[in-house]
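The stops below go from a single residue out to the whole chain.

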Amino acid sequence: MKKHNFYAGPSILPQYTIENTAKAVLDFAGTGLSVMEVSHRSKEFVAVVDEAIALFKELLSIPEGYSVLFLGGGASLQFAMVPYNFLNKKAAYLNTGVWAKKAIKEAKFFGETVVVASSEDAVFNYVPKNYTIPTDADYFHITTNNTIYGTEIRKDIDSPVPLIADMSSDIFSRPIDISKYAMIYGGAQKNLAPSGVTFVIVKNEALGKVDRSIPTMLNYQTHIDSESMFNTPPCLPIYAALQTLKWLKDNGGIKVMEKKNIEKANLLYNEIDRNKFFKGTAAIEDRSLMNICFVMSDEYKELETAFYNFASAKGMIGIKGHRSVGGFRASTYNALPKESVEALVATMKEFEKNN
Ligand SMILES: *Cc1c(COP(=O)(O)O)cnc(C)c1O
């Protein structure tokens, strides 16, 4: 039976990425060696990193003056590296979920941390709108896609202070006006590559403004100066990321991706809204294109396990909601084909008919 992969992360990757990475595990760039056993400083591997950075810049239209880095430690290490490198006196954060809270917790180790608005009062089911960003903050941090709650900030906001965004789960899902950001980061394992590599897009001139000294490995400048080769980078995930970037380019780039993502999300949200057994959990205007969260409607709460088992038997994988919220979550990342969303919608209709 065909499996439909709705996992939130690690998550579905293009078949192109998986096949080309599998080939390079056996024979990398005609070297007769595995990509896992060649020096990161070999000319073949340096070419991989160079091409990945070039494609990152091309696909996202990254302007001059920004660096693209491939680091280790996941988005979670960035929660600490961001304040280490940017927080001098005061930082401002938008609290839109568990990941935002984790970022806020780390910032507090480095200085005053102001939460300008929070949607925690409503289980993070919306994105706060009318807040004021303090103009004396060193930066303002947002989480553009709240993977666990299925809310998303899909527009590049204006900030009077440097804007920093965790885009772990929506990078490459829509065009971004990079010039509005001082920095964007994310773990690659949602929409780009296997886990192990973290991407960072940083505006060079936004760095170097804190008074503290920063340990070498935690200083973005180190990685800019050494072009992500200060130490051994996560070579295999970077190789896989390059394949996904090529796939994105071959498939028309990010505008085309966004169009497909909107189509897929609309298909599923329309069914959630139509089918009396289900209801969406995120505020309609903040619904994510990447993580679609829903629960059984109040009259049918007791059918949750029944639907889960029914859907699992139909090949729907990874649709359980995050352990902190329950219900269901279908992640519809770039690589998820429309057919998988259609299969899930058909499953929901069939469940409706049978019950
Ligand atoms: C998954 C996720 C993280 C955590 O990433 P790690 O690489 O596991 O540290 C952080 N932020 C968001 C928005 C995520 O979706």
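Select Glu-120 first: with a relative accessible area of 38%, this residue is partly exposed. Here buried means under 20% relative accessible area, exposed over 50%, and partly exposed in between (1.4 Å probe, protein chains only). The model is predicted, so to speak of local features requires pLDDT of at least 70 and side-chain atom pairs count only at pLDDT 80 or more, while totals for chains, interfaces and linings use all residues. Residues are numbered from 1 along each chain as its sequence is written, and side-chain values use heavy atoms, with hydrogens and water left out.

Lys-101 sits in helix α4 (residues 98-107) and Glu-120 in the loop between β4 (112-118) and β5 (140-143), so the pair ties together parts that are 19 residues apart in sequence. Helices (H or I, at least four residues) and strands (E, at least two) are DSSP runs, numbered from the N terminus. Lys-101 is partly exposed, at 37% relative accessibility.

Move to helix α7 (residues 253-274), which holds both Glu-271 and Arg-274, 3 residues apart, about one turn of the helix. The closest N and O atoms of their salt bridge are 2.8 Å apart.

For the last pair, select Glu-350 and Lys-314, whose side chains meet in a salt bridge of 3.1 Å, N to O. Glu-350 belongs to helix α9 (residues 338-354) and Lys-314 to the loop between α8 (304-313) and β13 (316-317), so this pair ties together parts that are 36 residues apart in sequence. Glu-350 is partly exposed at 31% relative accessibility, and Lys-314 is partly exposed with a relative accessible area of 31%.

Finally, zoom out. A search of the whole structure finds 16 salt bridges. The protein has 9 helices and 14 strands. Of its 355 residues, 55% count as buried. The C-alpha atoms fill a box of roughly 60 × 55 × 30 Å, taken along the principal axes.

Notes:
Salt bridge = Lys/Arg side-chain N within 4 Å of Asp/Glu carboxyl O.
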